[in-house]
Each structure stands twice: as C-alpha cells, then as structure tokens.
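Q: Could you pick one residue in this model and go through its surroundings closely? Then follow one of its neighbours a bit further out.

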Amino acid sequence: MKAVQLITHGAPGQLKYLEVPDPVPGPKEVVVRVRACGLNRLDLWLEEGALPMPLSLPRIPGCELSGEILSLGSEVSGWRTGDRVAVQSNLFCGHCEFCERGQESICLHGQLLGIQRDGGFAEQVAVPASALVSLPDGVQFNTAAALTLAGSTAMHMLTCRTQVKKGDWVLAIGGASGVGSSAIQIAKHLGAHVISTGSTAEKRDFAARMGADHVLDSSQPNWAGEVRKITEKHGVDLVVEHVGGDVLKQCFTCLARGGTIVTCGATGGREVPLTLWPFFVKEQKLIGSYGRNRKDIVATLDWAADGRLKPAIHNVYPLSETPRAFAALRERTVLGKAVIEP
Ligand SMILES: [Zn+2]
C-alpha cells in the first residue's frame with residue numbers, strides 16, 4: 001500500500017511518500033481502508049519529536065481517521081467488512097480502573113494512534129476493534145476525519161470535564177483552530193454567549209462564521225481587558241483553552257468569580273505562573289482535559305449527523321501531498337482543518 005512515513009524528526013522533519021507492506025490485523029484488531037484522515041497540532045509535535053513520551057521512527061502519522069473495515073482479526077465480533085467507521089485515537093486498554101469507569105482519556109496504558117503506532121496517512125491501517133466507532137448515516141468520511149479528534153476534544157472539554165449553562169459567557173480561544181471552531185459551535189448550541197479570539201482578520205472572520213458573538217484580536221496585548229468590557233466586568237464563566245503559556249495566564253485576568261478554565265494544550269508554553277490570591281478568593285477552577293472518551297466521539301458524530309456540529313474543512317489533499325499539508329499547518333495558514341484523502 002501507499003503510505004507517508006516520518007523518517008527523521010525536525011521542523012520540517014523528513015516525510016516520505018512510499019510503498020510499504022499492507023498491515024495485517026492482530027486477533028483483536030481490524031484493518032481499515034482509510035478514506036480520510038485529519039491533520040492536528042499533534043502531528044507537528046510528532047514531526048518535531050517534541051512529545052513527552054518515547055517515539056520511534058519510521059512512523060506513519062495520522063490520528064484522526066475514518067474509513068471502511070477491510071478485514072477482521074480472528075477474535076473480533078460485532079463488526080463486518082465494509083462497515084463505515086471512525087477511530088478513537090487515544091487507544092485504551094479497556095480493563096484498568098479508569099477504563100472500567102468509562103474514562104478512557106486517562107487510561108493507565110493509553111497509546112496514541114499515529115504517534116506510538118502507525119496511523120492514518122496511509123491507504124490502510126490496523127487498529128484495535130475496541131477503538132472503532134460506527135459512522136452514522138449521512139456523516140461523510142472527511143466530516144468524521146475533521147471532527148473525531150479536535151471536535152471530540154472540545155466535546156469532552158465542554159460536556160464532560162465542565163458543564164455549560166444557558167446564558168453563560170464562554171471564551172473559546174483560537175476560533176480558527178480545530179478545537180476552537182468546535183468549541184464555539186458546541187457552546188452556542190448549549191445556550192452560551194461566546195467570545196473567541198484570532199490573530200488575523202481572516203481567522204477572526206472565520207470564528208464569527210462558526211457562530212462566535214464577539215471575536216477579539218489576540219495579537220493586541222489587551223484582548224483580555226476587552227473581554228471584561230464585553231461582559232460588563234462580569235468576566236467569562238468558562239474558558240476553553242488549548243494554547244497554554246502567556247495565553248493561559250491572560251485567561252485568568254478575564255475569568256469571572258466562580259469561573260472555570262479548562263485546558264488541553266501547551267503549544268504556547270508548558271509552564272505558567274499562577275497568582276494564587278485572586279484564584280482562591282474568586283473560587284476559580286483550572287481543569288485539565290486530555291483527549292476524549294468513547295461517549296464524546298459518539299456525541300460528536302451524532303451532533304455532526306443532525307447538523308449541530310459542522311466540520312470546518314479548509315483544504316483536502318491527496319495522500320502524496322501530505323508534506324504540503326504539514327507545511328500549511330506549520331505556517332499556521334490553516335483555517336479549521338486540513339484533511340488527507342488517501
Ligand atoms: Zn485502561
């Protein structure tokens with residue numbers, strides 16, 4: 001089969017489009033004919049070798065994939081060849097104390113598809129059958145590939161790790177990103193007033209099209225002060241944050257009393273100073289969020305099926321042009337999602 005392998009780390013790393021042997025399913029695995037696979041910030045971290053876990057090369061990246069089942073391992077039941085599926089990219093053991101509670105996001109033996117084992121920038125991929133999620137009728141392959149990772153990450157943040165009440169003020173950081181564009185849509189459907197941010201006029205227009213009521217210029221040093229003005233000094237009740245560094249620090253300055261910041265990323269910096277006095281006096285919360293649980297993906301695809309959640313696909317590339325898609329993501333010119341169709 002044709003595949004794209006990461007051969008050496010770097011920014012850019014060396015990505016090669018080449019012929020590799022077809023995958024063979026293990027007893028509890030299936031092989032999926034990949035129809036679409038989304039790009040994520042995670043792919044760049046892998047490319048750079050900048051993830052806090054052992055990485056080995058060569059590796060076929062690609063963690064947000066959908067397709068049809070091509071073959072099944074000897075112990076797989078409940079699935080048939082030809083079934084349309086999406087794949088939960090945070091692979092989980094299914095038997096640790098957290099998996100037993102449905103918290104696969106913090107599985108003790110979790111593995112990331114496309115990072116710690118070969119992923120979806122290929123014509124075929126072998127995945128554990130436990131990670132399959134049925135694709136509802138009417139959800140296209142590239143819609144699934146644009147939502148199952150970033151969209152379900154936002155779903156997990158907004159409906160599992162935190163709750164949104166009707167009338168809440170929600171700040172969705174980076175409205176042109178995969179997580180940000182989904183967070184805006186989810187928060188609006190839950191009845192919130194949504195403020196978002198973008199560093200360019202193009203990104204701000206995009207966030208407004210996703211449904212944000214107000215969009216602030218994050219390249220301006222006082223954007224957090226603008227949030228206080230918009231909310232008439234109340235501040236926001238919830239921040240959906242995925243950048244870290246100085247952005248997370250600034251989020252505290254526009255957070256309401258009793259407000260919550262939920263965060264799932266650290267591209268902008270992994271260490272953030274916290275001023276404790278206002279934090280505890282205002283009884284605020286900082287909540288970590290990592291990946292998703294199965295029910296978050298199911299909800300994401302249900303929302304996609306009935307139109308509540310729309311994928312924001314910026315560009316679709318053939319498999320051979322995967323390096324070009326990586327470059328676009330690296331240069332931060334992607335609005336929403338880039339998707340590969342092998
Ligand atoms: Zn587990």
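A: Helices (H or I, at least four residues) and strands (E, at least two) are DSSP runs here, numbered from the N terminus. Lys337 sits in strand S17, which covers residues 337–341. This is a predicted model, where local features need pLDDT of at least 70, side-chain atom pairs count only at pLDDT 80 or more, and totals for chains, interfaces and linings use all residues. Residues are numbered from 1 along each chain as its sequence is written, and side-chain values use heavy atoms, with hydrogens and water left out.

So, Lys337: its relative accessible area is 3%, so it counts as buried (under 20%; exposed is over 50%, partly exposed in between, with a 1.4 Å probe and protein chains only). Its side chain makes a polar contact of 2.5 Å with that of Glu64, and another of 2.8 Å with the side chain of Asn40. (A polar contact is an N or O pair within 3.5 Å; within protein, one atom must be able to donate a hydrogen and the other to accept it, and residues adjacent in sequence count only if both atoms are side-chain atoms.)

Leaving out residues up to four places away in sequence, Lys337 touches Leu39, Asn40, Glu64, Ala145, Ala146, Ala150, Gly178, Ala312, Ile313, His314 and Asn315 (touching means heavy atoms within 4.5 Å).

Now take the helix at residues 150–161, H4: it packs with H10 (residues 294–305) at about 110°, axes 9 Å apart. In H4, Gly151, Ser152, Met155, His156, Thr159 and Cys160 meet Lys295, Asp296, Ile297, Ala299, Thr300 and Trp303 of H10.

Note on methods: Axes are lines fitted to C-alpha atoms, for helices over the stretch in contact, and angles run from 0 to 180 degrees between N-to-C directions.
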